[in-house]
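Me: I would like to learn how to read aromatic contacts in a protein model. Please take me through them one at a time.

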Amino acid sequence: MLLGWIRWFDALIPAYTIERLFWESRTITIQEVVYLEILYAVLVVMLEVPTGVLADRFEHRRLLQIGTALEWGSFVVLLVSFSFGGFALAIALSGIGAAFRSGAENALLYETLEQDGKAGTFERTIGRLNVIGIVAAVLAAISGSLLATRFPFELNYVLSIVSLFIATACSFGLVEPRRVVSDERLTWADIAAGFRFIRQHRRVFIVTSLFVVTISAFNFIDEFWQLYARDVELPLYWFGMMSTILLLIQIPGQLIVPILLRFTTAERWLRWIGWGTGIGFVVLGLYPGPSGLLLMAGMACLIGIVEPLYLGALHHRVPSGIRATTESSVSMLLHGGIILFWLVFAVGAGVTLFAAFLFIGITVCVHQAIVTVRAWKEDAS
């Protein structure tokens with residue numbers, strides 16, 4: 001399947017291993033990195049839903065092709081840039097590309113499976129695609145670190161550009177499933193269609209809330225596990241192994257979702273995983289130590305289950321005409337959730353990193369309590 005090859009080459013990016021070191025070598029300061037990250041987030045939030053509408057109005061594969069090509073272009077610009085302006089242009093291309101791709105890939109996958117009478121295998125297929133991306137990312141991280149010790153950082157970027165070029169080339173072989181394509185002009189009503197669908201369908205609203213909060217919270221494990229590891233005095237030579245473990249341990253979760261759904265619903269699994277994530281953060285904050293790294297690995301294993309569970313629950317319910325629009329709306333909510341958690345994290349980080357993790361855990365647990373009580377009341381009525 002071409003989507004598998006696209007996912008492989010899109011994740012095979014050795015440049016990510018030395019990204020901050022490369023930026024520093026090009027005179028980009030930490031403060032400028034913050035500005036660039038804000039630029040990326042703003043562009044994604046602004047463009048998520050409009051590009052999702054475009055995908056539903058025209059062809060999902062076209063948006064996917066444009067997004068992949070823009071990501072390739074961003075790495076080309078990075079390689080030749082030596083100023084903040086050049087890096088800002090590269091990050092802008094990457095953000096726009098991410099918005100174009102958001103929702104289009106999964107919508108294309110679901111409708112292709114639906115056309116072939118295999119919509120019931122969506123969770124299994126999306127899990128396998130995620131595993132392909134994880135394995136490619138691990139390979140890129142290991143090879144990228146080895147290359148960076150022997151060759152200039154630029155070689156990692158050249159290889160990443162080649163990989164993204166292959167992903168872009170593969171995307172042009174995608175075939176759009178049969179569906180009705182409209183050429184009507186976009187309206188604000190179209191842009192709000194995804195949010196309306198989520199709000200009007202209680203089960204979708206609940207699972208979306210659980211997904212957004214859980215993934216937004218775990219983002220801070222991805223961002224700050226290195227600082228936690230440093231503060232609990234993990235030897236530096238273990239950092240590479242820890243990074244690999246956090247990626248690989250998500251693979252079982254990506255693959256067992258169809259089995260889990262035989263026992264109970266996606267909503268209940270997402271509630272339980274949310275509780276596990278929230279309690280995990282509380283423990284990390286209250287009892288810091290090397291054992292906390294094992295807890296992070298356990299949380300990563302749970303997080304591997306979340307995306308296939310949620311995407312299956314969403315795509316089995318959402319109408320084809322607003323499939324990409326709705327997923328783009330979810331992505332926008334997710335980025336908004338991350339921004340809100342940044343505020344919570346900033347308050348805790350003013351004390352210690354451990355306090356920041358504690359505050360995130362409390363926030364997640366409060367959300368889980370509200371959702372659980374609401375579900376109990378509705379089940380009882």
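Predicted model: local features only at pLDDT ≥ 70, side-chain atom pairs only at ≥ 80, totals over all residues.

Reply: Residues are numbered from 1 along each chain as its sequence is written, and side-chain values use heavy atoms, with hydrogens and water left out.

Me: How many aromatic pairs does a search of the whole structure find?

Reply: Rings of Phe, Tyr and Trp (its six-membered ring) pair if their centres lie within 6.5 Å; planes under 30 degrees apart are stacked, over 60 edge-to-face, and the rest tilted. The search finds 15 such pairs. One of them, tyrosine 228 with phenylalanine 354, is edge-to-face, at 5.5 Å centre to centre and 85° between the planes.

Me: Which helices hold tyrosine 228 and phenylalanine 354?

Reply: Helices are DSSP runs (H or I, at least four residues), numbered from the N terminus. Tyrosine 228 is in H11 (residues 202-231) and phenylalanine 354 in H18 (residues 353-380), 126 residues apart.

Me: What is the geometry of phenylalanine 345 and phenylalanine 357?

Reply: That pair is tilted, with 6.4 Å between centres and 55° between planes. It joins helix H17 (residues 323-349) to helix H18.

Me: Why does phenylalanine 357 count as buried?

Reply: Buried means under 20% relative accessible area (1.4 Å probe, protein chains only). Phenylalanine 357 is buried because its relative accessibility is 0%.

Me: Which residues do ring pairs link into a cluster?

Reply: The cluster consists of Phe220, Tyr228, Phe281, Phe341, Phe345, Phe354 and Phe357.

Conventions
Helix = DSSP H or I, 4+ residues; strand = E, 2+ residues; numbered from the N terminus. Buried < 20%, exposed > 50% of the residue type's maximum accessible area, 1.4 Å probe, protein only.
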